[in-house]
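Here is a friendly note to read beside the model.

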Amino acid sequence: MSEGVDSRAAAARAVAAVIGAGQTLGTALGAARGARALAPGDRAHAQALAFGALRFGHRLKHVLAQLLGRPWDQHAPELQAVLLVGLYQLEYSGTPPHAAVSTTVEAARALGQGRAAGLVNACLRRFQRERQTLLAGADGTLAGRLSHPEWFTEALVREQGEGAASLLAANNEHPPLALRANVLKTSASALADRLEAAGEAVRLVPFAPAAVVLDRPLDVRELAEFREGLCSVQDAAAQLAVPLLGVRAGMRVLDACAAPGGKTCHLLEAVPGLAELVALDVDAARAERIVENLSRLGLEARVEVGDATDPAVLAGESFDRILLDAPCSGSGVIRRHPDIKWLRRPSDLAPLAARQRLMLASLWGHLTPGGRLLYATCSVLEAECGGVIDAFLRETPEAVAVTESASLELAGLPAPKAAGAAGIALLPGIAGTDGFYYACLERRIR
Ligand SMILES: C[S@@+](CC[C@H](N)C(=O)[O-])C[C@H]1O[C@@H](n2cnc3c(N)ncnc32)[C@H](O)[C@@H]1O
């Protein structure tokens, strides 16, 4: 078998599992790798191809529809996937075209699509000949040109107007590796010096004082600084939760959706001397990850498994600060998870927003008068952001939005878009961060 066939077949298997079976790319890549032991280089190649094919697949599927002469999704998911992987290589990856075509055709055979090998070969060769015309057909709409689902593009244009295009373009960029220095053991500048001495190009982030960003993608487990507990992986936008929550020593704090513990650990690093930090998550397996992260960083918290909306969970307990980092569409982290483009449906939004509102209302009962709750999502869609908060504020006279004063802590943040009156939105494409929404609410003392 020619070199590179295994990695292409593994990539196509993973892409097929996402687009055909609705699996996440992480799960699909794990299964695709396990199906046939891959050499480490092939594994990295398979991953890069699968990410690329999904990232640019909404543009490439318009090319495929023209090449196939009928709706592309009438074909088996494996065939759709192998064609996307082939086109991705030809258009985006710099692979020599003859190698991209011949190994992709062989990968189709390895995937049991031998009868379609001729079709794959013909499509990829025609793309080489008619590239400009085929791409012009794909680029006729914003969704095609910037490779996103139509419903998502329309929602962003409706909500963001002209800003939608730069947000969509930013979603197609390779994400940097953002680290958070563990300020109990080091500082961002000391960490940056150490990484630079080891040959990494790094930058600091003015509005996130513990952040160090590496543009070169790497597996963080390769970094001694990570293994030694000097840093964690966390996007700069996610590092704003702790300053916005306004936590001080002596407070009781609840992190209500805590796994895998990124913000729990940040809270403990940033504010030593809390009276107690409870890290709650409904998913027991994910809660284990909180325990692992606490232990790697040498931190302690009370980790609980339970449903934040269940009145029996944390019954009778109250907190000065509550962080609700709610489960959401993940539409702010598409550059890190391009499978989100394929997995989310417009019909997901109403149930997500209903769950977010229920969580907010349930947790509010655990907030001491005068206390603050920070609502956070890694979403850029109004329904999960301002929509949830505005509805809650209308229903809850004792809740007051204090995000504006809380965000005075974030010196140097390039004008976050005001999302409704109550929150702030960091949008991809503005400050190099993921997309995040925050609203800080205070419980008025009666
Ligand atoms: C966005 S993630 C949290 C990320 C985390 N705060 C961090 O910074 O590492 C959302 C989490 O909410 C949890 N979750 C979902 N529904 C929940 C519920 N009803 N009660 C508690 N946790 C829940 C999920 O298991 C998931 O771990």
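How many bridges join S1 to strand S3 (residues 211-214), and do they run parallel or antiparallel? There are 4 bridges, and S1 and S3 run antiparallel. The points below start from there.

1. **Ground rules.** This is a predicted model, where local features need pLDDT of at least 70, side-chain atom pairs count only at pLDDT 80 or more, and totals for chains, interfaces and linings use all residues. Residues are numbered from 1 along each chain as its sequence is written, and side-chain values use heavy atoms, with hydrogens and water left out. Helices (H or I, at least four residues) and strands (E, at least two) are DSSP runs, numbered from the N terminus.

2. **Domains.** The protein chain is divided into domain 1 (5-140), domain 2 (146-172), domain 3 (177-233) and domain 4 (238-443). These bounds come from an automatic or database domain assignment. Between the C-alpha centres of domain 2 and domain 3 there are 31 Å.

3. Strands pair here if DSSP finds at least two bridges between them. An open sheet is formed by 4 strands in the order S2-S3-S1-S4, with antiparallel pairing. Its edge strands, each pairing on one side only, are S2 (202-204) and S4 (231-233). On average, neighbouring strands of this sheet are turned by 30 degrees against each other, direction ignored; the axes are lines fitted to C-alpha atoms (for helices over the stretch in contact), and angles run from 0 to 180 degrees between N-to-C directions.

4. **Strand S1 and its partners.** On the S3 side, Leu177 stands opposite Leu214. Strand S1 (residues 177-181) is also joined to S4, by 3 bridges, and the two run antiparallel. Here Leu179 is opposite Val233, and Ala181 is opposite Cys231. S1 is mostly covered, with 5 of its 5 residues buried (under 20% relative accessible area; exposed is over 50%, partly exposed in between, with a 1.4 Å probe and protein chains only). Leu177, Leu179 and Ala181 point one way, while Ala178 and Arg180 point the other way.

5. **Helix H15.** At the N-terminal end, Asp283 caps H15, with a side-chain oxygen 3.0 Å from the backbone nitrogen of Ala285. After the helix comes Gly298, whose phi is positive, near 70 degrees.

6. **What H15 packs against.** Ala287, Ile290, Asn293, Leu294, Arg296 and Leu297 are buried in this helix. The buried residues of H15 pack against several elements, including S1, S4, helix H14 (262-270) and strand S6 (276-281). Contact means heavy atoms within 4.5 Å.

7. **Strand S9.** Of the 11 residues of S9 (residues 367-377), 9 are buried, so this strand is largely enclosed by the rest of the structure. S9 is joined to strand S8 (residues 319-325) by 6 bridges, running parallel, and Leu324 stands opposite Tyr375 in S9. Another 6 bridges join S9 to strand S13 (residues 436-443), running antiparallel, with Leu373 opposite Leu441.

8. **Leu156.** This residue is found in helix H9 (residues 150-160) and counts as buried, at 0% relative accessibility. Leaving out residues up to four places away in sequence, Leu156 touches Gly161, Ala164, Leu167, Leu168, Val380 and Leu381. Leu156 and Glu382 are 226 residues apart in sequence, yet 9.0 Å apart in space, C-alpha to C-alpha.

9. **Backbone details to check.** Most residues other than glycine have a negative phi, and most peptide bonds are trans. Ser147, in the loop between helix H8 (142-145) and H9, has a positive phi near 55 degrees, and it is buried at 1% relative accessibility. Leu314, in the loop between S7 and S8, has a positive phi of about 60 degrees and is buried, with a relative accessible area of 9%. The peptide bond from Ala259 to Pro260 is cis, with omega near 5 degrees; Pro260 is found in the loop between strand S5 (252-255) and H14.

Notes: A polar contact is a pair of N or O atoms within 3.5 Å; within protein, one must be able to donate a hydrogen and the other to accept it, and residues adjacent in sequence count only if both atoms are side-chain atoms.
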